[in-house]
Amino acid sequence: MKLKILSRNSNLYSTQRLIEAAKKRNHEVEVIDPVKCDLVIEKKKPSIFYKGKAIEGVDAVIPRIGASVTFYGTAVVRQFEMMGVFTTTESQALVRSRDKLRSLQILSRARLGLPKTVFTNYSKDVSEVIDHVGGAPLIIKLLEGTQGLGVVLAETNNAAESVIEAFNGLQARVIVQEFIKEAGGADIRAFVVDGHVVGAMKRQGKEGEFRSNLHRGGSAEIIELSDEEENAAIKAARAMSLGVAGVDMLQSARGPLILEVNSSPGLEGIEAATGKDIAKTIIRYIERNV
């Protein structure tokens, strides 16, 4: 097969592993920067030019679109779809997953467990927002934040009011979530490919850090999911229409609570923690569909 990986940096671990896995299975693979693609839209003949050459004969694309280039990256994926090319992440699913609020509404509609969340249009009644999630401690998240950036733990109601008012004053949209104490600063990342959990790890925040992101110095270890956790991960990926997804959830007294469904989950942490060849699993998923 002829594969294209849409990535801005061919040296990233995830991109390199996908190249390696594709070549091992005798596929032709090339990394292209989605931002440098030119889209030509005309009747019955959508096309893409990269570095002055038309891209032709592609069997499948693997989008590794960063949050900062979601708009243009999605347009490129959509153009490939119009050209009849299989994609491991559909353009519409990519758009949905990048909108935290929309994602939570979709997951809620699918009857999945979630931390209680409040979103308002810069409400002046901040104390009411805090009451809705049961008071402090609580989590405040920027809607556009990634990798744990723009996430604040407010330990008291006064601190929560100050932070929310500050964000409101900056016209920065935030969601306010209940704090799940029993999770103990840890979360679970379940890696789902084609409707199956192919690996799972438990990520623990470093000492004194409530965020478990590996980018923030957290550690990860392999974990055996309960049936309830595995089902929640599969259901969340399906609700978001994602063939490849990283489903982040908390272990709580009332069962698994979905935090986020990531449409471009990194491979480094999950492969290191589980020892599994996740890149190969993604390539085999393409083989089954093309």
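Strands of a sheet pair through backbone hydrogen bonds, either parallel or antiparallel.

Strand S4 (residues 47-50) is joined to S5 by 2 bridges, in antiparallel fashion. Look for Tyr50, which stands opposite Lys53 in S5.

A word on how to read the model: residues are numbered from 1 along each chain as its sequence is written, and side-chain values use heavy atoms, with hydrogens and water left out. Because this is a predicted model, local features need pLDDT of at least 70 and side-chain atom pairs count only at pLDDT 80 or more, while totals for chains, interfaces and linings use all residues.

**Strands under cover**

How many of the 9 residues of strand S15 (residues 244-252) are buried? The count is 8, which leaves S15 mostly covered. Here buried means under 20% relative accessible area, with exposed over 50% and partly exposed in between (1.4 Å probe, protein chains only). S15 is joined to strand S12 (residues 186-193) by 6 antiparallel bridges, and Val193 stands opposite Val244 in S15. S15 also pairs with S16, again in the antiparallel sense, over 7 bridges; Val247 has Val261 in S16 as its bridge partner. S15 and S16 form a hairpin, with 2 residues between them.

Strand S9 (residues 138-142) has 4 of its 5 residues buried, so the rest of the structure largely encloses it. Antiparallel bridges link S9 to two strands: 4 to strand S10 (residues 151-154) and 5 to strand S11 (residues 174-178). Ile140 has Val152 as its bridge partner in S10, and Lys141 has Ile175 in S11.

In helix H3 (residues 91-98), the buried residues are Ser91, Ala93, Leu94, Arg96 and Ser97. Their cover includes H2, helix H4 (100-109) and strand S16 (255-262).

**Empty spaces**

Rolling a probe the size of a water molecule over the atoms shows where empty space is left. On a 1 Å grid over the protein atoms alone, a cavity is a set of points where a 1.4 Å probe fits but cannot get out, whereas a pocket is an open set with protein on both sides within 12 Å along at least five of seven lines; lining residues have an atom within 4 Å of a point. Grid points are joined across faces, edges and corners, and a volume is the space filled by probe spheres set on the points. The whole structure holds 2 cavities of 30 Å³ or more.

| Space | Volume | Lining residues by class |
|---|---|---|
| Largest cavity | about 80 Å³ | 7 nonpolar, 2 polar, 1 charged |
| Second largest cavity | about 50 Å³ | 6 nonpolar, 4 polar, 1 charged |
| Second largest pocket | about 160 Å³ | 6 nonpolar, 2 polar, 3 charged |

In these classes, Ala, Val, Leu, Ile, Met, Phe, Trp, Tyr, Cys and Pro count as nonpolar, Asp, Glu, Lys and Arg as charged, and the others, Gly among them, as polar.

The lining of the largest cavity includes Tyr122, Ile164 and Arg173. Helix H6 (157-169) and S11 are the elements that give two or more residues to that lining. Strand S13 (residues 196-204) gives the most to the lining of the second largest pocket, with 4 residues.

Technical notes: Two strands pair if DSSP finds at least two bridges between them. Contact means heavy atoms within 4.5 Å.
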